[in-house]
Amino acid sequence: MFGYHANPAKTWLVTKDTHLSEAITAFSGSNVNVTSVGHTHLGVPLGTTDYINHSLSKKVDQWCSELRLLSEIAVTQPHAAFAAFNHGFSSKWSYLSRTLPDISIHFQPLENIIRTVFIPTVTGRPPPNDINRDMFALPARLGGLGLCNPLGQCDLEFSASTAISGPLKDLILHKQTDYSYECLAAQINQKSTIKQLRREQSILAAEKLKQRLSPTGAKVLALASEKGSSNWLTSLPIEEFGFSLHKGAFVDALSLHYGWPPPGTPTHCVCGENFSVHHVLSCPRGGFPSIRHNEIRDATANLLTEVCHDVMVEPDLQPLTGETMSHRTSNSNEGARLDIAVNGFWGGRYEKTFLDVRVFNPHAPSNSNTSINNCYRKHEKEKKRAYEQRILEVEHASFTPIVLSATGGMAKQSTSFYKRLASLLADKWDHKYSQTLYWLRCRLSFSLLRSAIQCIRGARSSRGHAIRCPTQIDLVSNEAQLTNQ
Ligand SMILES: [Zn+2]
């Protein structure tokens, strides 16, 4: 053996009781430790069942106290604590699940704390019932929170690890010293099989869960599992990228994600309607839906300036001089304007594209009985009927409707548009396309989320609304009026 010298004092021989005295005699004077109880190797207890059980209990106790500490942090920093759990803490027991068989029962105390302490602190709600706990255990892309149940993972983790390390084990058993290409290929093959299996199991779990949900619950899960609606949950809460939410915003964001009533809201909106998330996402008082629309328009226009020429916000359309439009709902107004015009996005440098943004509320009564895919189609169609013919025939340009749902999903053409934008940005910045697209989706996701939270928390009601004071100029003119009298 080259480059490795075993230190006898740090070496342990674990033997059966019946061979103990023989082993002690054989290794006497070598400083090698001999035991028939057990020893921990690379963080995994090996030895008698009692020894393994005792070591596991100690480990789980330690994780329970760490999780209690994380829950205390979650009181003031729920977003950071949630990310710490998903991006690091949960891998502690994943590792152990992969190395020891049949240990799921030991993780029960951990699951109890996750369910009764950690989840309530992070979500600001009572401990979840069985349906909600199963929903939170789903990956974020399927509408969950990725808060796995440690008991549910064990068997799959262990069998996956056994399968992936199988080719290596064979090499060791056959005393092969070369890590051959065949072994590498076999391991890669096993890894992709396991990945596929995990994906299929998650999809199956989501399908089973849907059958237990009410129609409203199923729609909420469908919206939560749309591409783009969960990026804020999976990204690291990095302040400088604008990806971090304060405690109130995080609880509001979860409430929006799952259609829960946000805590501490008034009973009535200032317009007189009952206060509900569905209502405030569409209520025009305070101008918040316009702010949400403008947020997406400006974020998109800003990114377009990075990669295209001549980006205009709110460009005027040429007035119609006798042209007739075939759709009754076509916009033929004199001062019609769209949200963005850009040159060279889809084609040549001088090829112009007009974009118009719509952010709709998928929970609004007009959309509530329609499937989410039909909602997208309906809004895209409305936009195209209003502008496409005029833009094609009068402006000799192309038209792309940007239709997003307030919960973060996007329509088909918008998906193509943002994929193309990500591809152009990735080329310019010399980044990976997949990373750029993920970043772009995160940016849009946080923009939509912040504006939706503003719809809920904005100073729409008289409560907490600043009273307008006369400015210096007002005071001066008031005084002037007095002297003029
Ligand atoms: Zn209102």
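**View 1. Contact between helices α3 and α5 in the predicted model.** Pro78, Ala81, Phe82 and Phe85 of α3 meet Phe118, Thr121 and Val122 of α5; two residues are in contact if their C-beta atoms, placed from the backbone, lie within 7 Å. By class, 6 of the contact residues are nonpolar, 1 is polar and none is charged. Ala, Val, Leu, Ile, Met, Phe, Trp, Tyr, Cys and Pro count as nonpolar, Asp, Glu, Lys and Arg as charged, and the others, Gly among them, as polar. Helix α3 covers residues 78-89 and helix α5 residues 108-123; they pack at an angle of about 135°, with their axes 9 Å apart. This angle makes α3 oblique to α5. Angles under 35 degrees count as roughly parallel, over 145 as roughly antiparallel, 65 to 115 as roughly perpendicular and the rest as oblique. Axes are lines fitted to C-alpha atoms, for helices over the stretch in contact, and angles run from 0 to 180 degrees between N-to-C directions. Helices (H or I, at least four residues) and strands (E, at least two) are DSSP runs, numbered from the N terminus.

**View 2. Packing of helix α7 with helix α8.** Helix α7 (residues 150-173) packs with helix α8 (residues 181-212) at about 170°, and their axes are 9 Å apart. The angle makes α7 roughly antiparallel to α8. Among the contact residues are Leu156, Ala160 and Ile164 of α7 and Cys183, Ala186 and Lys191 of α8. The contact has 10 nonpolar, 4 polar and 1 charged residues.

**View 3. Crossing of helices α16 and α17.** The axes of α16 (residues 412-429) and α17 (residues 433-457) come within 8 Å and cross at roughly 125°. That makes α16 oblique to α17. Tyr418, Lys419 and Leu421 are among the residues that α16 brings to the contact, while α17 contributes Tyr433, Thr436, Leu437 and Leu440.

View 4. The chain has 18 helices and 8 strands, and its C-alpha trace spans about 110 × 55 × 45 Å along the principal axes.

**Notes.** Residues are numbered from 1 along each chain as its sequence is written. In this predicted model, local features need pLDDT of at least 70 and side-chain atom pairs count only at pLDDT 80 or more, whereas totals for chains, interfaces and linings use all residues.
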